[in-house]
Every structure is written in C-alpha cells, then in structure tokens.
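Morning, everyone. I have one structure to walk through today. Please have a look at it first.

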Amino acid sequence: MTETPARAGFRVAYLLPVLLFLALAGYFAWALLSGRDPQRLESALIGRPAPAFALPALLPDLPGAARADLAGKPVLVNFFASWCVPCRIEHPYLMELTKNADVTIIGIVYKDKPEAATALLREMGNPYDRVGQDRDGRTAIDFGVYGVPESYVIDAGGIVRFRQPGPLTPDVIRDEVLPLLKTGPS
C-alpha cells in the first residue's frame, strides 16, 4: 500500500515541532558551551584608532581632553558622572591605581553638571591627569559607550586595545588594564 500525499504531509507536520525543538536546543547548547561571556559587550573600536574629540576642561587647574592626548604612551580613558552610583564604587580603585602605578588617566564627564562633577572630585579625590566635559554625550556616542562608568585602554599609537563596560574592579585592573598600560609605546 502506498502512502498518499496527504498522509505524508500529516507525518511532516508532526515532525516539524520536534525538528524546531532540536534546532533551538542545539543553538542554546552551542551558546552555553562556547565559552563566551554573555555579559561581555564587544566593542567595534578594539584594534581601531580612538575617535576624534576635543572637550573643554572641567577644572581650572587641569586641561580638557582631546584625541591628541592619546598618543605617546598608553592611557586609560574613563567615562564617569557624579549621578552614577557605580562610578562612585569604581572611584577608589582609580585613586589606588594612580598611587601605585605610573599611569595616565583621562576622565570624561558624561552629561553632567560641571559643579556636580567638580564636587564629586573634591569629595572623593581626583585620579585624572585631564578631565574633559562631554555635555551633549557626542564623544560617548563616538566611543560606543553603553553607560557610565565605562573605560578604555588606548595604546601609545592611539589604538583602542580594551574596553570595560561598567565599573573597573581590582581583578580587571590587575589582569587587563595594568598589563596594557605597561606595554609602553606600540
């Protein structure tokens, strides 16, 4: 007895959900076993020159920040704001970093009132060699900032080598940031 086309279509209709389930299960198994950190947001800037920018100074005794300041030696660029709670959590680690290592840190104040950002630095200390004001957020957009705090290590040639979305931690500073900042001219 031969199978009718209607009966064959009926059989495929039963198999389709099973095939879809197996395809989805395979995709999720691959995602779990791939070793990728799902929390890690990749940056399109890694391996590329830092974007052009020129920002006015926040503090009268320190210069603002510009793309030209990113050449000559590795630097850490840190986007922050006074209203950002994780920025306050990260701040002591930045202060410690400047005490224990010869590093250059450029601060970029993201969409903040100058008086509020100045008060934060007076209250918690200033780890920055330069502090620029990104009042409209344009520089943050050019860097691809998702939110503050966010930090970038730029090598001596002005190339972005590392991005840390969210606050820096002692482990990230020790394992990722310091090795890149100590590499010297590229």
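Which unit do strand 4, helix 3 and strand 5 make, and what is its handedness? Strand 4, helix 3 and strand 5 form a β-α-β unit, and that unit is right-handed. Keep in mind that this is a predicted model.

Let me stay with those two strands. Strand 4 covers residues 104–110. Strand 4 pairs with strand 5 in the parallel sense, over five bridges. Strand 5 itself runs over residues 130–134. How many of the five residues in strand 5 are buried? Four are, so strand 5 is mostly covered.

Now the whole chain. We have five helices and seven strands. From the N terminus, the order is α-β-β-β-α-β-α-β-α-β-β-α. The chain has 186 residues, and 41% of them are buried. Take contacts between residues at least 6 apart in sequence: 72% of those join residues at least 24 apart.

Next, the aromatics. A pair of rings is described by two things, the distance of the centres and the angle of the planes. With centres within 6.5 Å as the cut-off, the count is six aromatic pairs. One of them is Phe 79 with Tyr 152. Their centres lie 6.1 Å apart, with 75° between the planes. That makes the pair edge-to-face. Where do the two residues sit? Phe 79 is in strand 3, residues 75–80, and Tyr 152 is in strand 6, residues 150–154. They are 73 residues apart, so this pair links distant parts of the chain. Phe 79 is at 0% relative accessibility, so Phe 79 counts as buried. Tyr 152 is also at 0%, and buried.

Trp 83 and Tyr 110 have ring centres 6.4 Å apart. Why is this pair called tilted? Because the planes stand at 55°, and edge-to-face needs over 60 degrees. Trp 83 lies in the loop between strand 3 and helix 2, while Tyr 110 is in strand 4, so the pair ties together parts 27 residues apart in sequence. Are the two partners buried or partly exposed? Trp 83 is partly exposed, at 48% relative accessibility. Tyr 110 is buried, at 18%.

Last point, the cluster. Ring pairs link Phe 53, Phe 79, Phe 143 and Tyr 152. Thanks, that's my part.

Key. Residues numbered from 1 in each chain as written. Predicted model: local features only at pLDDT ≥ 70, side-chain atom pairs only at ≥ 80, totals over all residues. Heavy atoms only, no water. Buried < 20%, exposed > 50% of the residue type's maximum accessible area, 1.4 Å probe, protein only. Contact = heavy atoms within 4.5 Å. Pairing = 2+ DSSP bridges. Right-handed = clockwise from strand over helix to strand, strands pointing away. Phe/Tyr/Trp six-rings, centres within 6.5 Å; stacked < 30°, edge-to-face > 60°.
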